[in-house]
Amino acid sequence: MQAIPAKRLPVPETPRAPVVAAGGLSINPGAKLQVDERVLGFIPVKLAIDMGDLLEGKHGRNFRFTFQGPNVARVQGVASYAFFSTQVDQQLAVQGGHLVQDVAVHLGEGRKVQAEGNLKLFGWTLPFRTRLEHARTSPSTFAFRIDSLEVGNKSRLTIPKPIVAFLATFILGAVGRLKGVNAVSSDTVSMDMDSLAVPPSPQAGVAATMRRT
């Protein structure tokens with residue numbers, strides 16, 4: 001039976017404001033996303049967001065990650081912090097740039113996640129689309145059950161369920177060199193969020209401080 005293509009994800013509009021250097025967003029131990037920025041240009045916001053809350057869409061539902069280097073991603077979207085919502089356009093020190101060119105993520109209800117983007121494999125660009133469901137298995141580790149995985153552009157290939165997790169683990173771990181990624185069953189991949197963190201360079205921290213002053 002032919003799989004029904006997933007609904008195309010909304011793409012956040014690209015803000016006109018300049019990208020802030022790494023430092024406004026960072027990953028801390030315990031699967032925390034550290035936020036240090038100004039809302040509306042003058043209200044300081046400094047807090048640690050739990051990755052579980054983030055994945056459940058409590059701080060925004062649509063984000064785009066565009067890798068500008070092996071360990072630097074540009075993050076765009078609309079984030080919600082308490083009573084405030086703000087357009088995000090910042091850099092995040094995170095693993096993935098060896099493999100991922102860009103990915104748009106929609107965080108749905110009931111721990112559902114949709115993602116689509118482009119991978120870099122052996123010099124080729126491979127579009128992909130997937131639907132996932134996440135569950136927390138430890139303070140920093142999440143299991144992602146893969147409902148569907150399609151690769152290719154016009155002629156999309158649906159990856160069979162019995163091998164989907166092992167193929168995803170091979171691509172993410174062996175080819176993409178992402179630490180902390182493992183297949184735990186035929187359709188479920190485990191990911192340690194703390195292992196994705198990359199310490200920002202001193203130069204990036206200086207640039208971020210200069211931009212925020």
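This is a predicted model: local features need pLDDT of at least 70, side-chain atom pairs count only at pLDDT 80 or more; totals for chains, interfaces and linings use all residues.
1. Confidence. The protein chain has an average pLDDT of 82, and 81% of the residues reach at least 70. Two stretches call for some care. Residues 13-23 have a pLDDT below 50, with 32 contacts in the model beyond near neighbours in sequence. Residues 202-213 also fall below 50, and there the count of such contacts is 13.

2. The nonpolar core. In the largest nonpolar core you will find 50 residues, and Met 51, Tyr 81, Leu 99 and Met 193 have the most contacts inside it. Helix α2, residues 161-175, gives the largest share of this core, with 6 residues. As background, nonpolar side chains in soluble globular proteins tend to be buried together.

3. Met 193. Beyond its neighbours within four places in sequence, Met 193 contacts Ile 27, Ala 31, Met 51, Leu 55, Ser 140, Phe 142 and Phe 144.

4. Thr 86. This residue sits in strand β6, which runs over residues 84-93. Thr 86 counts as buried because its relative accessibility is 12%, and the cut-off is under 20%. Leaving out residues up to four places away in sequence, Thr 86 touches Glu 37, Val 39, Gly 77, Val 78, Ala 79 and Tyr 81.

5. Gly 97. Look for Gly 97 in the loop between β6 and β7. With a relative accessibility of 4%, Gly 97 is buried too. Apart from residues up to four places away in sequence, Gly 97 touches Phe 67, Gly 69, Pro 70 and Lys 120.

Note on methods. Residues are numbered from 1 along each chain as its sequence is written. Side-chain values use heavy atoms; hydrogens and water are left out. A nonpolar core is a set of buried Ala, Val, Leu, Ile, Met, Phe, Trp, Tyr and Cys residues joined through side-chain atoms within 4.5 Å. Buried means under 20% relative accessible area, exposed over 50%, partly exposed in between (1.4 Å probe, protein chains only). Helices (H or I, at least four residues) and strands (E, at least two) are DSSP runs, numbered from the N terminus. Contact means heavy atoms within 4.5 Å. pLDDT is the predictor's confidence in each residue, from 0 to 100.
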